[in-house]
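User: Please examine the structure shown below and answer a series of questions on its backbone, its interface and its aromatic pairs.

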Amino acid sequence: MAVFRDVMPAFDLLQPGSAAEAQQLLEQNGADAWVMAGGLDSFDWLKDRIKKPKVLVDLSGVDELKGIRVSANGVEIGAMTTLTEIANHAEIKRNYGVLSQAVELVASPQIRNQGTLGGNVSQDVRCWYYRGGWPCYRAGGDICYADTPVGRNREHAIFGADRCVAVHPSDSVPALIALDAQFVVQTAKGERVVDAEDYFVGPETDITRLNMLGPGDLLTAIRIPAAWAGAKFYFEKVRDRNVWDFPLMNVASATRLSGSGDIEQMRIAVNAVSPRPMRLKAVEDAVRGKPANAETGEMAGKMAVQGAVPLQFNAYKIPLMRNLVKRAIVGAGPGGREAA
Amino acid sequence: MRFITWATSPWGQSVPAHVAWGLIWIAIIAGFCFMIVHALYILVVAPPKRFAERKAEAVAAGVPERVPRHTLAARLFHWIMAASMLTLLFTAFLPKVGVQFNWVLYHWIAGCVLTISIAFHIVHASFFLDFWSIWPDRTDLRDAKNRVLRFFGKPAPLAGKFAKYPLENKLYHGAIMLTGLAAAITGLFMMKRIQTGIFVRNPYLFSEMTWGMMYVLHGLVGVGLIALVMAHVYMGIRPEKLPITKSMIFGWMSRDFYLEEHDTARWAVKPQSSDSSEGYAASDGD
């Protein structure tokens, strides 16, 4: 029987006017509900008729989830704030430049106009076997089609694979981890605030989702503390097509240098290498007190790739990651360029 | 309700993916139903235990105070198997009912422990213990028939006392053997689908359909084991069965219990030797 994938499956469209109402609707409908932010990930799933929710909760009318609020403690970005607004925001450009650089490299201007920060951090993996509707582990089946001798896995994981080898595809997430951001989640039991890296879930814990959001949960905002405002930042994204593509890998760092130019503090994260965005804590510890130069970068790069397990077609990611981490260290130095 | 979850392979074939996880709740309910029905049977219906007397009672005087029942090796096997089985059940099914954790790692490690302990048990029981003591024999079947006839008020002679293991034990052993072996064998093959460091991963070892059937069988025996383990734990803590449970801990059962429940001819315990300081007598072991 032919499979028709030209129209979306029928669902009830719910358009709440407030975050509380949205959370309530999500709670009422549980696993039957699908949360839609900008719709860029959602419409793929729905038009391909792979995800068939009974209820779609459209957040576009929830104004309180939009906008950027600046305070002495830092910045709070509503989950429904568009990537374009974040990229162009004066305070973010001035003090948290790594985030504006990262979101500016997401896809195309049209997509950034529609895409939201909440959607970008909560999007699903881009593995074509999974998105093609095949019954892989992540889809509830019992095989990974990408992790086979002939599976197409050039873009897949070199770390953290547990049955599923897909990677987290977000550009904004490593920047948020570097900035020590916190994610604000409304649940049935109240508000939960978690560190950026704790928002994400690996396949070893739950292979069917990428983040902590369960049925009834709603990401409302992302808070960036002032602690790293004005730090030395570095962001670099490597992709096949520079005009518009998901990352083959990206790196983001925030660094404080001492008067002598040594690294006093650093936070560094890499994405698209693992099902969860990776914060490189061992590297952060190792480079503390060392000059931000090529030698330190070399050491950090080697340390970063320890334990990497390449698949059939993605061994190139190991030298790529080694070099990106090295460049992030060098880029943090006094003469360093904030690459993008 | 569907018992199997089906999927469409990349080649358009409809293949089984795994059992429907709703069966977990059916197994749990079945386990509880067994407990309730059995408890009511014992409380309300069951006639008091009566056994046919045998001449073998004459040997009672030579029976030691502590009758050895399980060797240390047999007991270690039992508890290692129990721990690995519980680990396997919890790591398999907790994630399916919403408790998420890194279950695959613990699951396959527990599976390896179980498989090794089963292999040990097969060798140990086949060559070092009385292999046939756990298998039903004609006497068991005849006694069971007599018990059933008498329960329904039909004329039948009193059933004899048990050999080393009552028929229920033997039947349970048979069920756990079949399900355990099926789970272990399918589980070993399934380890070829994941990264374990033990096998070289090869998801192409079987066809999609064969893999699917293997996952379904693994799941079916898995949910079956939920009910079987529940029944086993329940039996283990029933007051009248406690002497048997204790024997699996300490290795021996009391002389009184032995003489009351067991046929000294079918399960012979050698008379206590004078140099036995702990009161143990030689036995056929497990």
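Analyst: A residue counts as buried under 20% relative accessible area, as exposed over 50%, and as partly exposed in between. The model discussed here is predicted.

User: Is Arg49(A) buried, partly exposed or exposed?

Analyst: Arg49(A) sits in the loop that runs between helix H2 (40-47) and strand E3 (55-58) of chain A. Its phi is positive, about 55 degrees, although the residue is not a glycine. The relative accessibility of Arg49(A) is 28%, so the residue counts as partly exposed.

User: Arg163(A) also has a positive phi; is Arg163(A) buried or exposed?

Analyst: Arg163(A) is not a glycine, yet its phi is about 70 degrees. The residue belongs to the loop between helix H8 (128-131) and helix H9 (172-178) of chain A. Because its relative accessibility is 11%, Arg163(A) counts as buried.

User: Which residues are in contact with Glu197(A), leaving aside its neighbours within four places in sequence?

Analyst: Glu197(A) is placed in the loop between E7 and E8 of chain A. With 13% relative accessibility, Glu197(A) counts as buried. Once the neighbours within four places in sequence are left aside, its contacts are Ile177(A), Arg267(A), Arg276(A), Arg279(A) and Lys281(A).

User: What area do chain B and chain A bury between them?

Analyst: The size of an interface is often given as the accessible area lost when the parts come together. Here the contact takes 19 residues from chain B and 18 residues from chain A. Of the area buried between chain B and chain A, 51% is on carbon and sulfur atoms, and the area itself is about 1,600 Å².

User: How far apart are the closest N and O atoms of Asp147(A) and Arg201(B)?

Analyst: The rule finds two salt bridges across the interface of chain B and chain A. Asp147(A) and Arg201(B) form a salt bridge, and their closest N and O atoms are apart by 3.5 Å.

User: Which elements give two or more residues to the side of chain B that touches chain A?

Analyst: Across this interface of chain B and chain A, six residue pairs are found in polar contact, both residues being at pLDDT 80 or more. On the side of chain B that touches chain A, the elements giving two or more residues are strand E1 (4-8), strand E2 (14-19), helix H3 (103-127) and helix H6 (208-237) of chain B.

User: How do the residues on that side of chain B divide into nonpolar, polar and charged?

Analyst: The contact takes 19 residues from chain B. On the side of chain B that touches chain A, these divide into ten nonpolar, six polar and three charged.

User: How many residues apart in sequence are the parts tied together by Phe183(A) and Phe200(A)?

Analyst: The structure holds 16 aromatic pairs over all chains. Among them, Phe183(A) and Phe200(A) are edge-to-face, at 6.0 Å centre to centre and 75 degrees between the planes. Phe183(A) is buried at 0% relative accessible area, and Phe200(A) counts as buried at 3%. Phe183(A) lies in strand E6 (residues 182-187) and Phe200(A) in the loop between strand E7 (190-195) and strand E8 (218-225) of chain A, so the pair ties together parts whose separation in sequence is 17 residues.

User: Which residues do ring pairs link into a cluster in chain B?

Analyst: Phe189(B) and Phe206(B) form an edge-to-face pair, 5.3 Å centre to centre with 80 degrees between the planes. Phe189(B) counts as partly exposed at 33% relative accessibility, and Phe206(B) counts as partly exposed at 27%. The cluster linked by ring pairs consists of Phe189(B), Phe206(B), Trp211(B) and Tyr215(B).

Key:
Residues numbered from 1 in each chain as written. Chains lettered and ligands numbered in written order. Predicted model: local features only at pLDDT ≥ 70, side-chain atom pairs only at ≥ 80, totals over all residues. Heavy atoms only, no water. Helix = DSSP H or I, 4+ residues; strand = E, 2+ residues; numbered from the N terminus. Buried < 20%, exposed > 50% of the residue type's maximum accessible area, 1.4 Å probe, protein only. Contact = heavy atoms within 4.5 Å. Buried area = accessible area lost by both parts, 1.4 Å probe. Salt bridge = Lys/Arg side-chain N within 4 Å of Asp/Glu carboxyl O. Polar contact = N/O pair within 3.5 Å; in protein donor to acceptor, adjacent residues only side chain to side chain. Nonpolar A, V, L, I, M, F, W, Y, C, P; charged D, E, K, R; others polar. Phe/Tyr/Trp six-rings, centres within 6.5 Å; stacked < 30°, edge-to-face > 60°.
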